[in-house]
Amino acid sequence: QRWVTADQVYASGWALGRLRVLPATQIHAAYADGRLSPRDILVTDGVPAEVPFLSGILTTVPATPNSHVAIQAQAYGIPFVYVAGPAGQAHLAELDGREVVLQATLRSGFARVSVLVAEEALSAALREEVLALKQPPLPKILPMATYGALSAPVDQLHPADIRFFGGKAAHFGLLRRTIPNDCPEAFALSFDLWMAFMGQTLPSGRTLAEEIQTRLAAHQVYPPDITTVRQDLAAIRDLITHTARFTTEQQAAITAALAPFDPLRRIRFRSSSNAEDGETFSAAGLYDSYSGCLADDLDGDTSGPCRCDATETNERGVFRAIQKVYASFYNDNAFLERLRYGIDEHDVGMAVLVHYSTPDEYEMANGVATVATEASADEGTQLKAKLVTQKGAVSVTNPEGNAQPEVVEAVAPDWLQVLQPSGLVPLGSQVLEWPK
């Protein structure tokens with residue numbers, strides 16, 4: 001707050017909804033008990049690493065521009081704003097509980113935020129007509145398909161392989177082919193393993209997939225009853241992590257795929273769904289990744305401590321890590337967003353990207369880079385790049401509290417002069433297909 005003295009727009013857009021003032025520590029509890037709903041505009045004193053879907057977010061404490069919350073807000077078209085001045089913050093407090101229209105714009109680097117009382121100006125019919133404009137477009141999802149094997153090296157994967165290995169793993173192939181010396185060697189677990197895991201029979205007599213479908217059958221209309229759906233999703237995650245198990249054959253196949261890895265080093269198992277990284281559905285922050293130790297699964301016992309992390313009193317095996325990644329497919333926000341977008345649950349699932357973990361004590365810095373084209377009547381078409389970084393292991397994507405990153409922006413109109421009549425843009429030794 002010493003350095004950020006003016007209003008900030010982390011995601012531009014507009015919203016119509018009831019203004020609700022809540023401390024950051026109460027957001028999730030209020031969403032669960034109905035005090036806060038998807039149609040509300042939240043005013044809070046700090047943005048946690050993850051927030052449920054809302055119509056808009058206003059914070060009285062500066063946030064991180066490239067946090068998952070900011071990226072989600074940009075993708076969903078909902079305004080996310082820091083209101084800097086005491087007068088503006090006091091005005092928001094006075095509007096608690098009232099229906100308002102929020103508009104946030106960013107032009108030439110200057111933020112403009114307006115909050116107007118709307119409850120007396122809109123009829124019920126007009127209100128519903130306005131809210132219908134916020135209905136998100138149906139995302140283009142490549143339905144998951146069988147690959148014919150449980151794993152594959154990432155180096156050979158391309159975006160077309162999203163249907164077999166999910167977005168994160170398929171796109172990681174570009175890094176391996178382009179900068180092999182500056183990114184970790186990796187392989188991916190395919191949807192074949194996910195589908196086999198979901199096909200196992202539980203003590204109830206139903207398969208895991210059937211049990212999940214049964215529990216979610218009551219939640220097919222958005223927004224569902226938040227309290228009930230959260231309870232059902234928690235039970236599903238518990239089924240995946242504590243009741244379901246990989247078969248002996250599946251464990252052997254996973255262990256064989258992990259053979260090139262040092263069993264005493266932590267391995268990172270990263271969520272890689274086909275319901276992410278889309279043009280209109282980013283899924284930023286919806287799923288989770290976990291680390292595991294192969295030695296813990298090979299030592300013949302289930303007692304700790306962890307063989308690759310002496311600070312962990314319990315074992316942290318790789319099968320446990322994969323199951324926790326699978327369970328994150330049914331995180332509250334993940335399911336609610338798929339439901340809001342109308343994504344068919346039968347078409348999507350969870351694959352896994354696998355490489356060595358980078359422990360926090362070794363991390364020198366971390367960041368998020370984004371590149372976008374912008375067109376305006378004044379400046380023409382420009383290519384803009386933004387790099388948001390934090391020192392050490394302070395998270396950029398899931399920051400806690402009011403950690404502030406370093407932000408570097410670059411604008412390069414000359415970059416677009418390489419556009420060819422054939423529709424291809426040469427970029428170094430790579431050729432990228434230009435959007436049609």
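User: What makes S13 and strand S14 (residues 380-391) a pair, and in which sense do they run?

Analyst: Twelve bridges join S13 and S14, in the antiparallel sense. Two strands pair if DSSP finds at least two bridges between them, so S13 and S14 count as paired. Strands are DSSP runs of E with at least two residues, and helices are runs of H or I with at least four, numbered from the N terminus. Across this pairing, alanine 369 stands opposite leucine 387 in S14. The model is predicted: local features need pLDDT of at least 70, side-chain atom pairs count only at pLDDT 80 or more, and totals for chains, interfaces and linings use all residues. Residues are numbered from 1 along each chain as its sequence is written, and side-chain values use heavy atoms, with hydrogens and water left out.

User: Why do strand S13 (365-376) and strand S15 (406-411) stand at the edges?

Analyst: The open sheet has three strands in the order S13-S14-S15, with antiparallel pairing. S13 and S15 each have a single partner strand, so one side of each is left without a neighbour in the sheet. Neighbouring strands here are turned by 15 degrees against each other on average, direction ignored. That angle is between lines fitted to C-alpha atoms.

User: Which strands does strand S2 (residues 13-21) join by six bridges and by four?

Analyst: Six bridges join S2 to strand S6 (residues 99-107), running antiparallel. Here arginine 18 stands opposite glutamate 99 in S6. Four bridges join S2 to strand S3 (residues 40-44), running parallel. There arginine 20 stands opposite leucine 42 in S3.

User: How many cavities of 30 Å³ or more does a search of the whole structure find, and what makes a space a cavity?

Analyst: The search finds two. A cavity is a set of points on a 1 Å grid over the protein atoms alone, where a 1.4 Å probe fits but cannot get out. The largest cavity has a volume of about 100 Å³, volume being the space filled by probe spheres set on the points.

User: Which residues line the largest cavity?

Analyst: Its lining has 13 residues, with Val51, Pro52, Phe53, Gln72 and Tyr76 nearest the centre. Lining residues have an atom within 4 Å of a point. Helix H2 (68-76) and helix H12 (332-341) each supply at least two. H2 gives the most, with four residues.

User: Which residues of helix H9 (residues 248-257) are buried, and why are they on the same side?

Analyst: Gln250, Ile254 and Ala257 are buried, that is, under 20% relative accessible area with a 1.4 Å probe, protein chains only. They cover an arc of only 60 degrees around the axis, which puts them on the same side of H9. The arc is that of the directions from the helix axis to the C-beta atoms. The face turned away from the buried side of H9 carries Thr248, Glu249 and Ala256, which are exposed, meaning over 50%.

Technical notes. Axes are lines fitted to C-alpha atoms, for helices over the stretch in contact, and angles run from 0 to 180 degrees between N-to-C directions. On a 1 Å grid over the protein atoms alone, a cavity is a set of points where a 1.4 Å probe fits but cannot get out, and a pocket is an open set with protein on both sides within 12 Å along at least five of seven lines; lining residues have an atom within 4 Å of a point.
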